[in-house]
Amino acid sequence: MPASTRHHRALAVFVHCLGILAAVPALPTAAPEAAAAPRPPAATPRPTAATPAPPAATPAAAATRPPVAMVARVAEPTPPSAPPAMAPPTRAPASAPPQQVTVAVATESSPAPRYRIQVRNVSNSPLETTVRQELPAGSSTTAISGGGRRSTPAGGSATEVTWRLRLPAHSTTTLGTALAATAPGRPLTAPTCAFTSDGSRPYDCATATWQAAVAPAAEVTEAPPWRRYPVLLAGLAVLLLISSALLWVWRRRRGRRVTAAALATGGGAEGGRGTVYPRPAAPSPVRRRRTPPVWMLVGAAVVVLAAVVGTAGWTATRQVASIDTQKQPTSGAWMGTGVTGSMGVPLRESAFEFTVYRMICGAPGTAGKPDGGGAAPANGRRCEATVGVRNVTGDHQPWHSELQRAYLPGGRWVSADESATRTANLGRDVFADPMAAGTRMVLPLVFTVDGRDPPQQLELRSGVFSAGVRVQMP
């Protein structure tokens with residue numbers, strides 16, 4: 001047999017064997033954990049008299065039983081599930097507790113300031129509440145409805161009007177105050193809050209600003225171009241330059257005419273008759289080039305300089321007048337623009353809208369122990385500010401007690417007392433969870449200060465890099 005034929009036959013046998021091995025199905029193998037785990041014994045029913053017991057299987061039959069059924073009972077291990085695509089947030093955004101009493105304040109169109117206050121009980125049971133309205137500094141009341149009383153609380157920053165009401169379930173009570181007329185153009189803001197019966201915790205707060213109707217000012221029209229100082233100066237300079245140029249041209253032409261006339265009238269030594277021999281050429285006089293006089297050049301330069309200085313000064317004055325002096329400069333590291341306002345005015349920063357409705361301080365020596373422990377300051381006291389916070393973004397935003405500051409005289413400042421603020425909010429930590437998007441909370445913030453002087457300014461902000469807002473205390 002040729003060698004090539006033997007090689008072909010050996011190759012055909014090898015390929016045939018590979019096909020047989022590929023056609024035989026592979027039996028599933030048991031997992032090592034399942035094979036090593038002991039199999040619990042199967043419970044066999046005990047035979048009774050009525051039912052005869054089946055005959056015992058012989059060893060030969062047990063030996064001839066196929067092992068496929070035994071392997072089929074082994075379940076394949078289930079692969080682990082995939083991890084979630086996004087981890088759930090560690091802290092859920094805080095939602096404001098449901099309000100039982102709501103407050104709405106509006107102004108009336110009148111020559112003197114008038115405010116209309118609506119207090120509504122939205123709960124299913126009657127409530128007792130204390131309503132306080134902060135009056136603007138330097139104002140006096142002319143009318144108070146609903147049995148309200150004007151008073152100045154001890155440690156308070158302004159005069160206030162107080163009502164003690166009992167609100168039936170799902171009822172609305174309307175109150176009103178009228179103030180004396182003030183100077184025209186002066187806005188008056190009067191924040192109002194509804195507190196619990198003891199006056200310690202606010203239900204809700206609102207504010208409104210009365211603005212006197214100002215007569216429309218006469219429309220100021222811009223002067224025509226020919227009546228503006230820069231245009232007049234420029235026109236005068238151009239007129240002087242043209243006049244100087246015309247004078248110089250006239251004098252030059254006049255000199256040429258005089259020279260031509262002198263040459264035309266002058267005769268020779270022979271009475272104008274010609275000679276056989278030509279005359280030697282007489283040297284012509286040297287003519288000096290005529291230039292404008294010095295006084296004309298100096299005057300033109302002074303006029304041009306005055307026009308340039310006047311135009312530059314007018315342009316700089318216009319640019320300086322267009323600068324907004326109320327806008328505070330910010331650095332590139334801050335987010336947003338710092339805003340400064342008075343108490344009762346909503347002030348918005350990058351994430352929150354803050355409104356300070358009330359500020360009251362206790363007597364010196366009433367401050368509790370600080371957060372870190374130790375003795376309380378001898379002349380320390382606690383100042384409580386009623387603040388409204390609104391999340392104006394589309395996402396939940398955290399805020400921190402260390403960033404809320406009260407500035408004292410001399411530039412000193414203190415951060416919010418977290419433990420005292422938690423106590424004032426009935427054990428609720430308002431800084432523990434972020435604020436949900438679009439929510440609003442009215443809560444007390446407590447600052448522990450030393451000395452007899454109350455805070456002059458509050459600085460509130462949402463984040464470390466936020467420009468924040470500053471509220472001036474009356």
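Mentor: Let's start with a definition: a charge sits over a ring if NZ of Lys or CZ of Arg is within 6 Å of the ring centre and within 35 degrees of the ring normal. Keep in mind that this is a predicted model.

Trainee: Okay, which residue lies over the face of Tyr407?

Mentor: That is Arg470, at 4.9 Å from the ring centre of Tyr407. Arg132 also lies over a ring face, that of Phe195, at 5.0 Å from the ring centre.

Trainee: Switching to rings with rings: how many aromatic pairs are there?

Mentor: The count is three aromatic pairs. One of them is Phe352 with Phe354: the ring centres are 5.8 Å apart and the planes are at 75°, so this pair is edge-to-face.

Trainee: And what is the geometry of Phe352 and Trp399?

Mentor: Phe352 and Trp399 are edge-to-face too, with 6.1 Å from centre to centre and 90° between the planes. Phe352 belongs to strand 14 (residues 352–361), while Trp399 is in the loop between strand 15 (380–391) and strand 16 (405–407), so their pair ties together parts that are 47 residues apart in sequence.

Trainee: Is Trp399 buried or exposed?

Mentor: Trp399 counts as buried, at 1% relative accessibility. Phe352 is buried as well, with a relative accessible area of 0%, and Phe354 is also buried.

Trainee: Which residues form the aromatic cluster?

Mentor: Phe352, Phe354, Trp399 and Phe431 make up one cluster.

Trainee: New topic! What is the strand order in the open sheet of five strands?

Mentor: The order is 5-6-3-9-10, with antiparallel pairing. Strand 5 (149–151) and strand 10 (202–206) are at the edges with a single partner strand each, so one side of each has no neighbour in the sheet. On average, neighbouring strands here are turned by 25° against each other, direction ignored.

Trainee: How many bridges join strand 3 and strand 6?

Mentor: Strand 3 (residues 127–134) and strand 6 (residues 160–167) pair over eight bridges. In that pairing, Leu127 has Leu167 as its bridge partner in strand 6. Strand 3 also pairs with strand 9, over four bridges, and there Gln133 stands opposite Thr192.

Trainee: What about the faces of strand 9, which residues are on each side?

Mentor: Thr192 and Ala194 are on one side of strand 9 (residues 192–195), Cys193 and Phe195 are on the other, and all are buried. Strand 9 pairs with strand 10 over four bridges, with Thr192 opposite Ala206.

Trainee: And which residue takes a positive phi in the hairpin of strand 9 and strand 10?

Mentor: Gly199 does, with phi near 75°; the hairpin has six residues between the strands.

How values were computed:
Residues are numbered from 1 along each chain as its sequence is written. This is a predicted model: local features need pLDDT of at least 70, side-chain atom pairs count only at pLDDT 80 or more; totals for chains, interfaces and linings use all residues. Side-chain values use heavy atoms; hydrogens and water are left out. Rings of Phe, Tyr and Trp (its six-membered ring) pair if their centres lie within 6.5 Å; planes under 30 degrees apart count as stacked, over 60 as edge-to-face and the rest as tilted. Buried means under 20% relative accessible area, exposed over 50%, partly exposed in between (1.4 Å probe, protein chains only). Helices (H or I, at least four residues) and strands (E, at least two) are DSSP runs, numbered from the N terminus. Two strands pair if DSSP finds at least two bridges between them. Axes are lines fitted to C-alpha atoms, for helices over the stretch in contact, and angles run from 0 to 180 degrees between N-to-C directions.
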